[in-house]
Amino acid sequence: MEQSRVLRFGAFASFINVFGVYLIALFFLLLGVVLQSLGVIQNFISWSNFLNIIDNVSLLGIVAVGMAFVTYSGNYADLSVPTTMALTGIVAVEMLKYGFLPAILAATAVGLLIGLINAIVVGKLKANPIIWTLAVNYVTLGVIRLVWANKQIYPETITDNKEAIALFDGIFRHELASNLFGNELLDIRLPTILMLVLMVLGQFILTKTSFGAQLKMTGSAKKAARFSGINVEYVVGMAFVLAAVTAIIGGLTITSLSRVGAYYNGTGYDFRAVTAIVIGGMTLAGGRGSMIGVLGGVLIIGFINNIMTLLGVPTLSQDMIRGLIFIIVVGISAKSLRSLGRDDS
Amino acid sequence: MTTAKPKTDLSGILSRIDKHRIYIIFVVIFVFMALFAPKFFNPFNLTTITKTMAMTACVGIGFTIVMICGQLDLSIGTVITLAGIIGLGLKQYVGYELSVPLAIVAGSFIGLINGLLVTKAKINSFIVTLGTMTVLQGLIYFVTGGNSIALSTPDAFAVSDFLSWKMMPMITPRVLITLVLVIIAQTVLARTRFGRNFYMVGGNKSTAWLAGINTDRTIILAFVLSGTTAAIGGVLFAMESSAATLNLGTNSLMYVISATIIGGTAMSGGKGGVIQTFVAIMALEILYDGVILFGLGNEVKIFLAGLILALVVLYEAFAIYKHEKTVGQRPELLKELQR
């Protein structure tokens, strides 16, 4: 009897752990509904607005998937993501003159190189992840500004190849679902689908593969992981490579969105992704959380942004509310973890 | 026996060099610039350097103390901006005599909140200060409506002129205030029990607690000091330029982090010092100044800053990596066996 109660409590706790973030999301959804029924905001409850919300956070979601692996492995965050995004975008635009596919391949190669360097230095040499990726961010920024001399480059001025430009523009704008099914209801863009696919893939890797299990072990207890025969260096390094992979996808998407390759593409995506990940229930200590939670965190940010925009809060002042909610959510989750005896700060 | 002794001497020297590496870096950069950079070695340029580094040097004091405690404060950049805006924005209502203390107190208050969240709510300092940074960013835009504040009254200019008055070669009052703060902080950190508590807490929190140190209070105090010095640096800079822009402190965060790490303060805590950070900031400032004097652009500056930070982090990581590989081994014995 006693044992079953404990078990039930454990099941409940793990349910809250995984889906608790959706309760918060639900709260903001209800907040939007209440605000609309009071007549403060309009158009919150509509299918098109919902798609709009997801569309707006899809880029963040894509980047957050890879970054989540780094957080999960107990290495806080990959702060080199912003300039990785910028560099891959610029390289892609520059290489468009050789066609669409070479552009994508070159961008991928450059992004993977940054990921590999991070993997070796943080994984193998065990440098402090925050400081190292910050330094890489700076070096990459310097490289971009040295080579491209502060210039922004536009696909149109790089090449006359209309086909390649159209394909590149399509990365962000392609409406896959409505094209496939001819359904107006599924009026979503490619990044949203990419985000959802990556989320599912990420969740699969985390929970169903041996790499995911090794990552969990490494994130929870690095020493124990090493002594049980896990190649900790490889696992941590792989997390950084995965972060680079999603940064490449994010970089191509944001460059396609803005139609310009520039050093400032991607600015802020490092901290924004961390916010989404941590709200989504992944703790910085590592080894805890899930991709489902991260998706919830991304959705919460989407809801907050949308409600504040509908309320007419100026974009730049929205940070205030976002930051406050961030601190409150993290505080509550730290407290609840402590009361469950799972404190690890 | 006779062969082993000079070897230990050598490694002793090497570790001492490593401990004081920032002074060597400083001298190398200074001599290089003095010899090769055009128009480097003249009073006007040297004063420019000291004036430019004054703000970051001031901010670096508190940031180093937080790092010594093994924590991180990402909010300093926005505290700098906020202090400038409070100091200048409230001047027309209450005058500098009240607005400047208010700005500094605001900085301390933000530090207090950071400290309380880190110690009492037990949230990772990276997350806490990331949150306060975001909140402050929004607050700054909310309060100012996105506009910079510029003062053009005679008394504001009088204060500005006073702060940039060349009282001594290379020294203006603002530089002097910074220097005094650095010296006080360094003395307290190195010479008093109160100061050494920060090292104890950063080195090993549980040991420090067992030794009877109130670890929570020490960490809170470190964050308060960080907020305070960031606010002092920001408000003084804003007063001297009679203007508070919204990106006053944007670049300072990365700059101060780099300087602190290059200066030898470990992010794991328990190591480092304010004076090392100060020298590192001077070295970086001289380097940047030289880059500009050589006629190279801002982009070279950014690239070099990143490269130096990367090299220092890489060097440190590699040293620890090598140390961990050989830890527990006794190379002298191995060598004797091989012989």
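## Helix α7 of chain B

α7(B) has 20 residues and spans 28 Å from its first C-alpha to its last, close to the 28 Å expected at 1.5 Å a residue. This is a predicted model. The helix is mostly covered, with 14 of its 20 residues buried. Gly145(B) follows α7(B) and has a positive phi, near 65 degrees.

Most residues other than glycine have a negative phi. Lys122(B) is not a glycine, yet its phi is positive, about 55 degrees.

Chain A has a case of its own. Lys126(A) is not a glycine either, and its phi is positive at about 60 degrees. Lys126(A) sits in the loop between α4 (100–124) and α5 (129–147) of chain A. There, 19 other C-beta atoms lie within 10 Å of Lys126(A), so this residue is partly exposed.

## Where the chains meet

In the contact between the chains, 38 residues of chain B touch 43 residues of chain A. Which elements of chain B give two or more residues to this side? They are α7 (125–144), α13 (252–262) and α15 (298–326). α15(B) gives the most, with 15 residues.

By class, the side of chain B that touches chain A has 28 nonpolar residues, 8 polar and 2 charged.

## The nonpolar core

The largest nonpolar core has 208 residues. Ala64(A) and Met67(A) have the most contacts inside this core. Helix α12 (residues 215–241) of chain B gives the most to the core, with 15 residues.

What does Ala64(A) contact, leaving aside its neighbours within four places in sequence? Its partners are Ala273(A), Ala276(A), Ile277(A), Val294(A) and Val298(A).

## Confidence in chain A

Chain A averages a pLDDT of 87, and 90% of the residues score at least 70. Residues 1–7 of chain A are another matter: pLDDT stays under 50 there. The model has 0 contacts beyond four places in sequence for residues 1–7 of chain A. Where pLDDT is low, the predicted coordinates should not be read in detail.

Methods. Residues numbered from 1 in each chain as written. Chains lettered and ligands numbered in written order. Predicted model: local features only at pLDDT ≥ 70, side-chain atom pairs only at ≥ 80, totals over all residues. Core = buried A, V, L, I, M, F, W, Y, C linked by C-beta atoms within 7 Å. Buried ≥ 20, exposed ≤ 12 C-beta atoms within 10 Å, placed from the backbone. Helix = DSSP H or I, 4+ residues; strand = E, 2+ residues; numbered from the N terminus. Contact = placed C-beta atoms within 7 Å. Nonpolar A, V, L, I, M, F, W, Y, C, P; charged D, E, K, R; others polar. pLDDT = per-residue confidence, 0-100. Expected span 1.5 Å × (residues − 1).
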